[in-house]
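Please look over the model below before reading on.

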Amino acid sequence: MKTLKLATALVASVALPAAAFATDLEVTHWWTSGGEAAAVAELAKAFDASGDKWIDGAIAGGGGTARPIMISRITGGDPMGATQFNHGQQALELVEAGLMLDLTDVAEANNWKEVVFPPSLLDACTVDGRIYCAPVNIHSPEWLWLSNKAYADAGIPVPTNWNEFVETAPQLEAAGKIPLALGNQPWQSNLAFGAISIAVAGLDVWKQVNVEKNMDVAAGPEYAAVFQAVADARKLAAKSTVQDWNQATNLVITGEAGGQIMGDWAQGEFQVANQVAGTDYTCLPGLGLNAYLSTGGDAFYFPKNKSADVEEAQKRLAALLVSPEVQVAFNLKKGSLPIRGDVDLAAANDCMKKGLELLAQGNLVPSGDMAWSPDVQKQNEDLLVEFWKTDMAPEVAHQQWVANLKSGL
Amino acid sequence: MAEARRTNRMWRNLNAKIAAIPMVLTTLVVFVGGTAWTVLYSFTDSKLLPRERWVGFDQYERLWSNSRWLTSIENLMVYGVLSLVFTITIGFLLAVAMDQKIRYEDTFRTIMLYPFALSFIVTGLVWQWILNPEFGIQSIVRGLGWESFTFNPLNDPKLVLYGLLIAGLWQGTGFVMCLMLAGLRGIDEDIWKAARVDGIPTWKTYLQIILPMMRPVFITTLVIVAAGIIKLYDLVVAQTSGGPGTASQVPAMYVYDYMFQAQNLGQGFAASTMMLLTVLIVLIPWAYLEFGGKKHG
Amino acid sequence: MVDATAIYTRSDAVPRGTKPKRALSGRNIMIYGTLLVFSLYYLLPLWVMVMTSLKGMPEIRMGNIFAPPVEITFEPWVKAWSQACTGLNCDGLSRGFWNSVTILIPSVILSIVVASVNGYALTFWKFKGSDVFFTILIFGAFIPYQVMLYPIVILLREMGLYGSLWGLVLVHTVFGMPILTLLFRNYFSTIPEELFKAARVDGAGFWAIYAKILMPMSLPIFVVAIILQVTGIWNDFLFGVVYTKPDLYPMTVQLNNIVNSVQGVKEYNVNMAATLLTGLVPLFIYFVSGKLFVRGIAAGAVKG
């Protein structure tokens with residue numbers, strides 16, 4: 001009798017809260033590929049299990065397609081419960097316009113200041129000392145992916161860093177390979193430039209330009225060397241004729257190309273093609289020179305709603321997203337790194353472990369999303385795609401690049 | 001008495017006036033209002049959300065010193081002229097061919113029209129494949145033995161616009177053919193009879209009698225094709241992403257990229273204002289000729 | 001009046017031009033030759049799409065886009081229709097199909113009715129300033145949609161229609177109006193004014209002339225308008241997703257999600273199948289309405 005009572009009480013205590021405040025929350029995001037959707041499913045599963053209901057509002061096409069839709073909904077007075085943005089400056093104006101929910105109390109209750117690592121992630125969510133977003137993952141773009149097969153075909157060892165890669169490129173070319181695969185879309189040119197700039201100019205110079213925004217350094221000889229390095233690299237990519245990044249990755253997988261500079265998400269392509277890290281392909285974070293990763297990523301923002309129930313549910317979701325269990329489940333599927341250092345990712349593969357190691361050592365720099373406005377980044381994309389794909393002089397590109405940065409100061 | 005006549009006149013075409021209400025509201029509120037709003041905010045430094053922080057002509061200065069914008073304008077002119085000429089010529093020729101009491105008219109029409117039903121995103125992708133040197137036409141022809149055959153328009157900055165044109169014509173000419181065919185079918189049968197009685201050859205009848213009679217159809221086609229060209233966006237994004245480099249950039253891409261990716265509404269509005277201004281420059285003389293001329297005649 | 005209508009409408013108008021004499025005349029070779037060459041151009045991408053949609057991903061990675069599949073699989077089609085995931089909802093294109101139909105029917109009907117009445121009024125019932133409104137409408141055809149995104153959001157919000165089906169129908173009607181009105185006005189303007197005047201003398205009013213005389217005479221142009229609107233509205237993604245809510249999202253939201261994923265593995269076979277599937281509805285409409293083309297009523301029958 002006693003046990004029965006206890007059991008009933010237990011059931012009641014578990015079931016009651018759920019019944020009392022089960023709320024539907026519409027969540028919009030642009031994660032729609034296989035791995036991404038599997039990762040979102042983990043978030044939804046956890047949210048549903050906690051008693052609320054995740055209503056999924058996925059919109060593909062990346063931020064460029066999804067953001068105007070999200071912003072329209074928010075300004076149209078019919079906001080969703082939560083929405084993805086890349087954290088940094090993208091949602092700043094919505095926060096300033098008072099359209100976003102203040103999450104500071106959730107952050108304090110769950111100790112985000114201590115657990116979120118690196119702290120720059122939380123800084124990017126902070127406006128005037130208040131916290132407005134929940135970071136969920138870290139993506140780093142600075143990786144060189146190499147095809148072991150291409151190098152075996154050419155009869156040379158797989159390079160261990162960017163310099164070796166450039167040196168051995170002629171031999172690859174002689175063997176009928178494209179040394180560097182690079183898709184035609186502007187963002188890929190910008191990404192490759194960013195990766196080469198950290199590798200060639202080094203961390204200090206990079207920080208002076210992107211964090212301290214020292215324009216004299218930006219115009220100086222270190223960055224002139226970066227532009228020269230890219231001018232050399234673009235010859236290696238001259239025969240690459242694909243558009244999409246994953247078509248370029250496919251060239252590496254089939255051994256038609258030696259390597260590709262791409263973010264950690266390229267890993268999914270290798271996995272799907274049943275490639276094994278170390279034997280079929282090699283990954284070099286920071287291009288094997290300066291093993292630093294920039295820590296961009298995704299975060300969720302919560303537009304202000306009229307209903308108090310919704311607001312409570314929004315806060316519950318925010319807390320849940322940062323919780324250790326959800327972090328592990330989500331990031332294993334997404335192939336990204338977790339935003340807290342106190343979780344265990346034993347199931348991660350080799351390349352992901354390399355990333356985790358760098359993360360643990362603190363070899364991190366803030367991402368471009370945080371350092372520069374989308375406007376500056378778009379201008380640089382336009383410039384760099386032209387620079388990569390034409391014979392524009394390095395000096396001219398360098399000058400224009402500095403001017404682009406200055407427009408964002 | 002006079003007053004009664006005036007009321008009478010006001011009430012006379014009442015139904016016609018009621019019927020015109022949707023058009024009047026749309027033009028005034030949406031098109032005039034929306035355009036004025038766009039022009040107004042092009043003088044601000046609006047980023048993500050429209051805001052009234054006035055910066056004069058700053059956005060325009062930046063726009064006209066931007067090399068991507070200048071390339072876009074140039075591309076649009078080249079592509080636009082080529083596309084207009086080819087679309088209308090091919091559309092008309094096909095419509096004439098279809099109007100010759102041919103067999104399987106339905107089949108041919110469907111074949112020509114079906115590309116119009118497919119999304120631009122995949123159209124761009126498929127043509128990107130077909131024109132790709134590694135696995136498209138070039139590799140097939142080389143496989144047949146012509147080793148030196150080179151056909152790689154999408155990776156040659158000088159040829160990339162023609163690569164886009166091949167896909168654009170594929171998608172749009174079928175519909176233009178339909179428009180022209182509708183026009184041909186609307187021509188008075190007596191005209192044909194008269195021409196035949198006079199012994200005028202068919203081709204001459206088309207060129208000298210039918211063509212001038214189809215002026216309204218050509219104007220319709222011209223506007224539809226031209227509006228499509230100005231708004232050209234999806235196809236370029238899917239097929240070339242504006243590349244190689246910035247060789248196939250178009251103005252609409254600049255507008256959208258800066259409005260939504262760069263989150264610089266002011267710059268995007270300035271660019272679209274320039275686009276609309278160009279349209280006005282072409283449109284006003286046309287409207288003058290079309291409507292001004294009639295009053296005299 | 002009844003007699004007049006009977007004369008004005010002719011149901012057996014057929015294509016014209018000189019009658020073909022022999023099957024293999026030089027003229028026929030030229031006509032059919034041209035049509036066949038162009039058909040090849042139009043069909044080549046379809047071949048690539050269909051072949052790709054029947055291949056597995058490993059075979060696609062091997063290259064040769066023109067080769068027929070070694071191993072035919074219908075899985076991409078099944079996946080595109082009923083399994084492809086949009087975030088968490090893994091029911092493919094089928095999810096938005098009925099929403100698209102719900103959006104399509106009222107939008108096409110309303111936009112064509114409004115625009116044809118506009119064209120009619122602009123041709124036969126000109127009022128002071130009607131030319132100015134018409135010019136503005138033509139100008140409206142050139143305004144990039146995206147620029148109008150935010151102003152329309154505000155407009156719909158103020159009208160209380162934001163997020164509803166009728167809000168979306170209204171947007172389609174407004175943005176379809178310029179080109180459709182132009183289409184109808186220019187077609188109607190080729191109709192002899194005597195006919196209109198005769199009907200007026202008979203005492204027919206605004207709506208009677210429109211419904212009983214103009215409509216039956218203008219089938220080909222109505223078909224063209226239907227083709228244009230069905231395609232435009234069925235393939236619309238932006239308006240559907242910006243001005244409605246998730247439970248009203250059209251099929252193209254799923255199509256976009258399948259085809260337009262930026263990151264992750266691109267399943268080209270599913271992309272192609274999804275595109276072809278989405279194209280089926282407009283294709284069906286073209287095919288059905290195309291028959292009306294041949295039976296189109298020639299304006300020329302009018303004088304006879």
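## A residue in chain C

Two residues are in contact if their C-beta atoms, placed from the backbone, lie within 7 Å. The model is predicted: local features need pLDDT of at least 70, side-chain atom pairs count only at pLDDT 80 or more, and totals for chains, interfaces and linings use all residues. Residues are numbered from 1 along each chain as its sequence is written, while chains are lettered from A and ligands numbered from 1 in the order in which they are written.

S111(C) sits in helix α5 of chain C. Helices (H or I, at least four residues) and strands (E, at least two) are DSSP runs, numbered from the N terminus. Leaving aside residues up to four places away in sequence, S111(C) touches H172(C), T173(C), G176(C), M177(C), L180(C) and Q229(C). S111(C) and T181(C) are 70 residues apart in sequence, yet 9.5 Å apart in space, C-alpha to C-alpha.

Is S111(C) buried or exposed? S111(C) is buried, because 25 other C-beta atoms lie within 10 Å. A residue counts as buried if 20 or more other C-beta atoms lie within 10 Å of its own, as exposed if 12 or fewer do, and as partly exposed in between.

Helix α5 (residues 94-124) of chain C packs against helix α13 (residues 251-259) of chain C at an angle of about 145°, with the axes 6 Å apart. Axes are lines fitted to C-alpha atoms, for helices over the stretch in contact, and angles run from 0 to 180 degrees between N-to-C directions. From α5(C) come R95(C), G96(C), F97(C), N99(C) and S100(C); they meet M251(C), V253(C) and Q254(C) in α13(C). The contact of α5(C) with α13(C) has three nonpolar, four polar and one charged residues. Here Ala, Val, Leu, Ile, Met, Phe, Trp, Tyr, Cys and Pro count as nonpolar, Asp, Glu, Lys and Arg as charged, and the others, Gly among them, as polar.

Chain C is divided into domain 1 (19-73) and domain 2 (95-248 + 278-302). These bounds come from an automatic or database domain assignment. The C-alpha centres of domain 1 and domain 2 of chain C are 34 Å apart.

## Chain contacts

Chain A meets chain C through 34 residues, against 24 residues of chain C. α2(A) gives the most to the chain A side, with seven residues. This side holds 13 nonpolar, 15 polar and six charged residues.

## A sheet in chain A

Four strands of chain A form an open sheet in the order β8-β9-β7-β10, with mixed pairing. Two strands pair if DSSP finds at least two bridges between them. β8 (178-181) and β10 (281-285) of chain A stand at the edges, each with a single partner strand, so one side of each lacks a neighbour in the sheet. The twist averages 20° from one strand to the next.

Strand β7 (residues 143-147) of chain A runs antiparallel to β10(A), joined by five bridges. W145(A) has C283(A) in β10(A) as its bridge partner. Helix α9 (residues 162-174) of chain A lies across β7, β8 and β9 (257-262) of chain A, at about 135° to β8(A).
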